[in-house]
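Colleague: Could you take me through this model, one question at a time?

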Amino acid sequence: MADHTTTVAEPHEHDDGHGHEHHDVMLRGYDGELHPAHLQHYFATPQQQFEASRLGMWLFLVTEILLFGGMFVAYAIFRAWYPELFAEASTQLNTLMGALNTIVLLASSLTVAWAIRGAQRDNQKVLFWNLIATVALAGTFMVVKYFEYTHKFDLGIFPGEHFVMPDGSTIGDLGPLADAEPLVLLEEDAAALVEHTPAQGEQTVADEHVGEAHGPGSHGLTNRRSGIFFSIYYVMTGIHGLHVLIGMIAISILAWQSRRGKYSSVYYTPVENVGLYWHVVDIIWIFLFPLMYLI
Amino acid sequence: MSSHDENGHAGHHVNSPSVLIRTILILVALTTLTVCLALAERAGIIPLGGLSVPIALAIAGTKATFVAMYFMGLKYDGGTNALAFVAGIVFLAVFLSFTYLDTGFRDVFEPGSAVPIDLQTAEQAELEARQTRLYETTVAPPLVAAPDTLLLPNAQTTP
């Protein structure tokens, strides 16, 4: 019986007309034939293995789309219920920073596609430096996000009940009937209402904060449901940012591995799959940007 | 490219530089278009009104299609990957439309169920307050101040 762990004595050098050569480790299988070392025994050909792996990645990406899809549905429902809230609150988002982030992520998709091309053509320099460029562009995205978030924190824009209203109190401090307006106000009731208005929720206002240009609450949003929009904003961009960070780590690992010569036109499946993940992260931002910043 | 030789070089489609460059230029152009449309609408130059959301989503969808077809290789892959992707989008559309069928038509059969609970409570409190005030001003004084309890055993002296 052939010993299937024996490697060929001479590394198999060849030039397949691409003008470059690479050394493939070939093993002899149970059938007595030579095949590439990375080919698993349950696949007939390396091409089949590559395509199966890529389909598996596509199925995972479908689950990612459904993950963000759930959050997009939450956005859609709350927007349908409170359209004026969304119109008012989205003025707090800097359109140009969002557009810059969009261009940065599109460029990172280009560089990762170019890196895959480099792997396919056995160009280690193109592969490595495009992976580095992708990580750099992703880092730029996160830095811009950091500035956006800290600017909002300065204005007191926090998610949900921690949102600081212009008078300095948070939404969590507001009582249940604090801002409710009566539906039909008769004149004789107007005077009576002044006496009967329920006590406001606990006020933590320090008067010197009112009207301050950059203090908490100076965003000028008076809608007591503003916390809804910013909850959705922080969760969606936060989870997207987490995906960007995970992608940065994965691409850095790819770059390190490519330095050690692991990827070539024979085997570059991890580069292809991580590239697909990165493109989906980009696609999600392509939808997040107009929905949050533009409309 | 031949499909496969014994050294394992598979026949993968290699993106040509011109396709990649052309795709990124189209994507940047579409981004610029959507940003300019939004800024123009905010400034009041182009009144889009209710069309702004569908147009923005259409431009975003076009950009996503270009990324999927050319950068991700769906155009060259054979059908299975595209089928998985499109199926995911279809189920997302089912998710969104069925949820909207619920939340968008809440008050068709149950009036008032689409009003947020805090506004409902506020309305309720306001109505009760008004009733109390009206009651205090309109309650009739008793006809007999001190009724004869033998004659009228059920008479109430306090309103």
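This is a predicted model: local features need pLDDT of at least 70, side-chain atom pairs count only at pLDDT 80 or more; totals for chains, interfaces and linings use all residues.

Colleague: Which pattern does chain B follow along the sequence, and is it spread out or a compact globule?

Modeller: Chain B has four helices and zero strands, and read along the sequence its pattern is α-α-α-α. The globule rule gives 15 Å for 159 residues, whereas the radius of gyration of chain B is 35 Å, well over that value, so chain B is more spread out than a compact globule.

Colleague: What box do the C-alpha atoms of chain B fill?

Modeller: Two C-alpha atoms of chain B, those of Ala145(B) and Val19(B), are separated by 99 Å, and these residues are 126 residues apart along the chain. Taken along the principal axes, the box filled by the C-alpha atoms of chain B is roughly 120 × 45 × 20 Å.

Colleague: Is Ala145(B) buried or exposed?

Modeller: Ala145(B) lies in the segment after α4 (117-138) of chain B. A residue counts as exposed if 12 or fewer other C-beta atoms lie within 10 Å of its own, and because Ala145(B) has 7 within that distance, it is exposed.

Colleague: Which element gives the largest share of the side of chain A that touches chain B?

Modeller: In this pairing, 55 residues of chain A are in contact with 54 residues of chain B. The elements of chain A that give two or more residues to that side are β2 (34-36), α1 (46-81), α3 (95-120), α5 (187-196) and α7 (269-294). By class, the side has 35 nonpolar, 13 polar and seven charged residues, and its largest share, 15 residues, comes from α1(A).

Colleague: Which element supplies the largest share of the largest nonpolar core?

Modeller: This core has 80 residues, and those touching the most other members include Ile284(A) and Leu288(A). Elements of both chains supply at least two residues each, among them α6 of chain A and α1 (17-43) of chain B. The largest share, 17 residues, comes from α7(A).

Colleague: How far apart are the end C-alpha atoms of helix α6 of chain A, and what span should its residues give?

Modeller: Helix α6 (residues 226-259) of chain A has 34 residues, which at 1.5 Å a residue should span 50 Å. The computed separation agrees with this, because the end C-alpha atoms are apart by 49 Å.

Conventions: Residues are numbered from 1 along each chain as its sequence is written. Chains are lettered from A and ligands numbered from 1 in the order in which they are written. A residue is buried if 20 or more other C-beta atoms lie within 10 Å of its own, exposed if 12 or fewer, and partly exposed in between; C-beta atoms are placed from the backbone. Two residues are in contact if their C-beta atoms, placed from the backbone, lie within 7 Å. Ala, Val, Leu, Ile, Met, Phe, Trp, Tyr, Cys and Pro count as nonpolar, Asp, Glu, Lys and Arg as charged, and the others, Gly among them, as polar. The expected span of a helix is 1.5 Å times one less than its number of residues. A nonpolar core is a set of buried Ala, Val, Leu, Ile, Met, Phe, Trp, Tyr and Cys residues joined through C-beta atoms within 7 Å. The radius of gyration is taken over C-alpha atoms; the globule rule is 2.2 Å times the number of residues to the power 0.38.
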